[in-house]
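This briefing goes through one protein chain by topic. Look at the sequence and the 3D structure, then read the points below.

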Amino acid sequence: MKLALSLLKTLPAELAHSLALNGLKLLDKFGLLSFIVKEIKNNELELLGMKFKNNLGTAAGLDKNGDYINSLGKLGFGFLEVGTVTPLPQSGNEKPRLFRVFNENAIINRMGFNNKGVDHLVKNLKTHKYNGIVGVNIGANKTSEGEKRIEDYLSCFRKVYEYADYIVVNISSPNTKNLRELHSADQLNRLLSAISKLSVELDNTKPIFLKISPDENDESLKQIVEMVENSIFSGLIATNTTIDKTLLKQSKYHNFDGGLSGAPLLNKSNQKLELINTIAEDMPLIAVGGVINKETYSKKLESGADLVQIYTGFIIKGPSIVSEILN
């Protein structure tokens, strides 16, 4: 496994990501995955009616289309989150758009919600054999604006709610133009109201989370928390990537477009998490941003998280990070 990781690090980032996930899928197909996966000590918990084997899961972006649910599910995660998915398939932004900064345990991405569309994801949700919790992260197509953007969220919601254990409304990617404007009070109120109305019409009982940006100021964050508390939404996912590349020590990356994830994001993300926990102590919180080992995972829990997700840490360290954190 260490040799495979070393080889993957020499390849272009997006190619390495695809090869790694397809490699896991192949090992799973031939029943060989158990030889590289350590047994995980379960630490069962319940949140919002969902029963988890443990509180560590994958963040959206790792498996955008639900193509790897079965193989990722055998690595010991307590839950998986797939997406972000949009109503129509889209290719995302131009390549190269994924950059690994290994010596700082970081990644910069400007993917742009590249995915095969919600119908492809739904097929995978209907047929997967993973017996854990699967959340679905939904977004809007790049070309959609205004009311059409809100309709995109509603369209995805209608199609996934039956097959998801929870749903995430992603308004915080920095890689879809103007998407983060949905954090403003007026636009967020319209979005929350529209999704809440649809959820009631569908008799949906699945929890709904809002995924937010780490780049909002404290006043904006307080307003968002208050609006979520007064809606049908269950909680928050904090946080997405940051546009502040000055958190990296290497200045050559400071003007890169895209979102920064990994170790440099940890403190900024945790500050938002702690603030939310102070404002709304009982609000269910899923934490993501900067988890690369057991220590950083523990800091998320100390900051008020109920569940913790990883993305960059998994890409850089491989499947062994799961047992490293949980055992």
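Where is T239 found? T239 sits in the loop between strand 10 (235-238) and strand 11 (259-262). Helices (H or I, at least four residues) and strands (E, at least two) are DSSP runs, numbered from the N terminus.

This is a predicted model, in which local features need pLDDT of at least 70, side-chain atom pairs count only at pLDDT 80 or more, and totals for chains, interfaces and linings use all residues. Residues are numbered from 1 along each chain as its sequence is written, and side-chain values use heavy atoms, with hydrogens and water left out.

**Overall build**

- The chain has 11 helices and 13 strands. Its radius of gyration is 18 Å, close to the 20 Å that the globule rule gives for 327 residues, so the chain is as compact as a globular protein of that length. The radius is taken over C-alpha atoms, and the globule rule is 2.2 Å times the number of residues to the power 0.38.
- The C-alpha trace of the chain spans about 50 × 45 × 40 Å along its principal axes.
- Of the 327 residues, 58% count as buried. Buried means under 20% relative accessible area, exposed means over 50%, and partly exposed lies in between (1.4 Å probe, protein chains only).
- Among contacts with a separation of 6 or more, 72% come from residues 24 or more positions apart. A contact means heavy atoms within 4.5 Å.
- The chain exposes about 14,400 Å², and carbon and sulfur atoms supply 49% of that area. Accessible areas come from the Shrake-Rupley method with a 1.4 Å probe; for residues, only the protein chains shown count as cover.

**Charges and salt bridges**

- The chain has 39 positive and 36 negative charges, and their mean positions are 9 Å apart. Lys and Arg count as positive and Asp and Glu as negative, while His and the chain ends are not counted. The place of a charge is taken as NZ of Lys, CZ of Arg, CG of Asp or CD of Glu.
- Side chains of opposite charge can pair when their charged atoms come close.
- A search of the whole structure finds 14 salt bridges. A salt bridge is a side-chain nitrogen of Lys or Arg within 4 Å of a carboxyl oxygen of Asp or Glu.
- D28 is buried, with a relative accessible area of 15%.
- D215 and K268 also meet through their side chains in a salt bridge, at 2.7 Å from N to O. The pair again links distant parts of the chain, 53 residues apart: D215 is in the loop between strand 9 (208-212) and helix 7 (218-229), and K268 is in helix 8 (residues 266-279). D215 counts as partly exposed at 24% relative accessibility.
- The side chains of E219 and K222 form a salt bridge at 3.7 Å, N to O. Both residues lie in helix 7, 3 residues apart, about one turn of the helix. E219 is exposed, with a relative accessible area of 56%, while K222 counts as partly exposed at 34%.

**Around P89**

- P89 lies in the loop between strand 4 and strand 5 (98-101). P89 is exposed, with a relative accessible area of 55%.
- Leaving out residues up to four places away in sequence, P89 touches N115, K116 and G117.
- P89 and N141 are 52 residues apart in sequence, and their C-alpha atoms are 8.3 Å apart in space.

**Backbone details**

- The peptide bond between A238 and T239 is cis, with omega about 5 degrees.
- The peptide bond from G83 to T84 is also cis, with omega near 10 degrees. T84 is in strand 4.
- L48 is not a glycine, yet its phi is positive, near 55 degrees. L48 lies in the loop between strand 1 (45-47) and strand 2 (50-52) and counts as partly exposed at 38% relative accessibility.
- N105, also not a glycine, has a positive phi of about 50 degrees. N105 is in the loop between strand 5 and strand 6 (106-109) and is partly exposed, with a relative accessible area of 24%.
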